[in-house]
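Me: I would like to go through this model by question and answer. Please start with the confidence and then move to the packing.

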Amino acid sequence: MDDIQALIDAALKLETEGNEQAAIDAFKALLDQYPDHPLVVFEMAGAYDFAGREAEALPYYQRALRLGLPEDQMKYLYVQMGSTQRNLGL
């Protein structure tokens with residue numbers, strides 16, 4: 001898990017540096033390695049969301065919900081997914 005978290009952190013750093021597409025690409029690569037890892041799926045959603053691409057984010061949020069995030073992450077999923085749905089007019 002620590003190795004995955006380090007890779008997630010590196011991709012998140014790209015976001016905070018304003019490199020949204022690079023972050024999306026990094027999370028896509030992580031999804032290729034860990035397709036059913038709920039945190040990777042959730043962060044993929046967040047990367048699309050952060051880039052203003054809510055329609056692409058929503059299916060990843062829904063998938064992360066189905067896969068089951070750790071309890072401490074669920075509140076973030078609900079807030080972010082709800083915001084995305086609101087922005088999409090759902």
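Reply: The model is predicted, and confidence in the protein is lowest in α1, at a mean of 89, and highest in α4, at 96.

Me: What is the average pLDDT of the protein?

Reply: The model is predicted, and confidence comes as a score for each residue. Of the residues, 98% score at least 70, and the protein's average pLDDT is 93.

Me: With which residues is Ile8 in contact, leaving aside its neighbours within four places in sequence?

Reply: Ile8 is among the residues with the most contacts inside the core. Leaving aside neighbours within four places in sequence, the residues in contact with Ile8 are Phe27, Leu30, Leu39, Val40 and Glu43.

Me: Which side chain of opposite charge is nearest to Glu15?

Reply: Glu15 lies in helix α1 and is buried. A salt bridge needs the charged atoms within 4 Å. Glu15 has no salt bridge; at 10 Å, the nearest side chain of opposite charge is Arg53.

Me: Which backbone nitrogen does the side chain of Glu15 reach?

Reply: Leaving aside neighbours within four places in sequence, Glu15 is in contact with Ala23, Phe27, Gly46, Ala47 and Phe50. At 3.4 Å, the side chain of Glu15 reaches the backbone nitrogen of Ala47.

Terms used
Residues numbered from 1 in each chain as written. Predicted model: local features only at pLDDT ≥ 70, side-chain atom pairs only at ≥ 80, totals over all residues. Heavy atoms only, no water. Core = buried A, V, L, I, M, F, W, Y, C linked by side-chain atoms within 4.5 Å. Buried < 20%, exposed > 50% of the residue type's maximum accessible area, 1.4 Å probe, protein only. Contact = heavy atoms within 4.5 Å. pLDDT = per-residue confidence, 0-100. Helix = DSSP H or I, 4+ residues; strand = E, 2+ residues; numbered from the N terminus. Lys, Arg positive; Asp, Glu negative; His and termini not counted. Polar contact = N/O pair within 3.5 Å; in protein donor to acceptor, adjacent residues only side chain to side chain.
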